[in-house]
Amino acid sequence: MFKNINLLVTFECAARHQSYSLAAAELCISQAAVSQQMRMLEQQLGQRLFVRVGRQMQLTQAGCTLAEHTGPALTMIGHGINSLRQEELAGELSISSTQAFNTLWLMPRLQEFASLYPQIRIRLHSSASFEDLRHARIDLAIRFGTQVEKHTPTTLACEYFGTSPVLPVCSAQLAASLPLNTPADLLATWLVSLEQPGAYDWPSWFEAQQVADYVDHPHWTYVNSTDMALSAVANGHGVTLAVPYLFRRQLDNGELVVPFQLPHPNPVKRYLVYDPNSARIARLQTFMNWLKAQELR
């Protein structure tokens with residue numbers, strides 16, 4: 001019986017990433033510690049497990065053989081331990097998403113969830129960054145964009161749950177006061193943009209509509225979050241870009257309008273990021289099933 005299972009845990013991580021530095025980051029230890037543990041494992045087995053090729057630590061044939069067995073074995077052990085420590089449905093669930101989604105979509109509907117599942121206490125955290133879920137003690141991250149899968153560690157589940165278009169939006173009063181016949185007519189007013197718009201910027205939208213004059217547009221307002229942008233345009237200050245589910249109520253009551261049904265070339269993809277082996281998996285599945293049943297349009 002192999003006694004030092006910790007070496008196998010480190011090996012599985014290093015083999016999966018083919019990198020000692022990435023394994024060190026995931027395991028929260030130093031790269032030197034990973035290297036030392038792999039030397040110890042190789043000495044105990046009498047086999048070379050890794051060879052350095054450029055920046056990668058590639059598996060030898062012996063390493064491949066070991067990796068074929070350690071991954072499934074550790075997964076099985078994890079499932080067994082998780083089944084012993086799974087928490088009941090009642091309890092706390094920590095959720096992270098963007099400030100705009102939390103403020104404009106989730107909070108107005110939270111009472112509905114609470115009335116269905118009063119035994120689940122929601123702790124809500126607003127962040128637009130790809131924070132480390134384990135370090136931040138977050139059970140579920142609701143994330144949006146084009147880079148979510150790329151930034152999600154392979155140890156976490158990254159579940160796609162739909163796509164939404166990004167459209168221009170302004171107040172009904174502003175739309176009535178401007179001759180909005182073509183996309184270029186939006187340059188007659190203020191353009192409200194996020195400081196860091198990422199893939200959903202105004203230049204990409206104007207270029208998709210073959211409008212070049214935006215380059216010299218003098219009237220820009222920059223904000224930190226989409227809820228701030230929507231607050232500005234709801235009060236008559238220009239036009240912004242947003243997904244309709246964030247302003248559906250104002251759209252339905254006529255307060256806000258979409259002047260052109262011309263979506264941004266980059267739609268917003270939605271993802272649920274979580275640990276599939278979480279002890280709170282019953283709570284997670286309950287919330288995610290409720291969320292996926294909602295109309296996000």
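Predicted model: local features only at pLDDT ≥ 70, side-chain atom pairs only at ≥ 80, totals over all residues.
**Entry 1. A term to settle**

Two strands pair if DSSP finds at least two bridges between them.

I then checked the two strands concerned. Strand β3 covers residues 91-97 and strand β5 covers residues 140-144. They pair in the parallel sense, and two bridges link them.

**Entry 2. The sheet as a whole**

I next asked in which order the strands of the sheet lie. The order is β4-β3-β5-β12-β6, in an open sheet of five strands with mixed pairing. The edges are formed by β4 (120-126) and β6 (157-164). Each of these has a single partner strand, so one side of each is left without a neighbour in the sheet. On average, neighbouring strands here are turned by 20° against each other, direction ignored.

For background, I noted that strands of a sheet pair through backbone hydrogen bonds, in either a parallel or an antiparallel arrangement.

**Entry 3. Strand β5**

I followed β5 to its other partner in the order. Strands β5 and β12 run antiparallel and are joined by five bridges. Within this pair, A141 has V273 of β12 as its bridge partner.

Is β5 enclosed or open to the outside? Five of its five residues are buried, so the strand is largely enclosed by the rest of the structure. I checked the two faces separately.

Helix α5, residues 99-116, lies across β3, β4 and β5. Its direction is at about 170° to β4. Helix α12, residues 281-293, lies across β3, β4, β5, β6 and β12 (268-274). This helix runs at about 165° to β12.

**Entry 4. The whole chain**

I then stepped back to the protein chain. Its secondary structure comes to twelve helices and twelve strands. The radius of gyration is 25 Å, whereas the globule rule gives 19 Å for 297 residues; the chain is therefore more spread out than a compact globule. Along the principal axes, the C-alpha trace spans about 80 × 50 × 25 Å.

Buried residues make up 43% of the 297 residues. The chain exposes about 15,700 Å², of which carbon and sulfur atoms supply 51%. Among contacts between residues at least 6 apart in sequence, I found that 75% join residues at least 24 apart.

**Entry 5. Residue W205**

I located W205 in helix α9, residues 202-208. Its relative accessibility is 0%, so W205 counts as buried.

**Entry 6. Residue T240**

I found T240 in strand β10, residues 239-242. T240 is buried, with a relative accessible area of 3%. Its side chain reaches the backbone oxygen of V192 at 2.9 Å. V192 is also among the residues in contact with T240, as are L167, P168 and W202, when neighbours within four places in sequence are left aside.

Q18 is not a glycine, yet it has a positive phi of about 55°. Q18 is in the loop between α1 and α2. At 29% relative accessibility, Q18 counts as partly exposed.

S19 lies in the loop between α1 (5-17) and α2 (20-27). At 8% relative accessibility, S19 counts as buried. S19 touches A14 and M57, not counting residues up to four places away in sequence.

R137 likewise has a positive phi of about 55° although it is not a glycine. I found R137 in the loop between α6 (133-136) and β5. Is R137 buried or exposed? R137 is exposed, with a relative accessible area of 71%.

Technical notes: Residues numbered from 1 in each chain as written. Heavy atoms only, no water. Helix = DSSP H or I, 4+ residues; strand = E, 2+ residues; numbered from the N terminus. Axes fitted to C-alpha atoms, helices over the stretch in contact; angles between N-to-C directions. Contact = heavy atoms within 4.5 Å. Rg over C-alpha atoms; globule rule 2.2 N^0.38 Å. Buried < 20%, exposed > 50% of the residue type's maximum accessible area, 1.4 Å probe, protein only. Areas by Shrake-Rupley, 256 points an atom, 1.4 Å probe, with all protein chains shown as cover. Polar contact = N/O pair within 3.5 Å; in protein donor to acceptor, adjacent residues only side chain to side chain.
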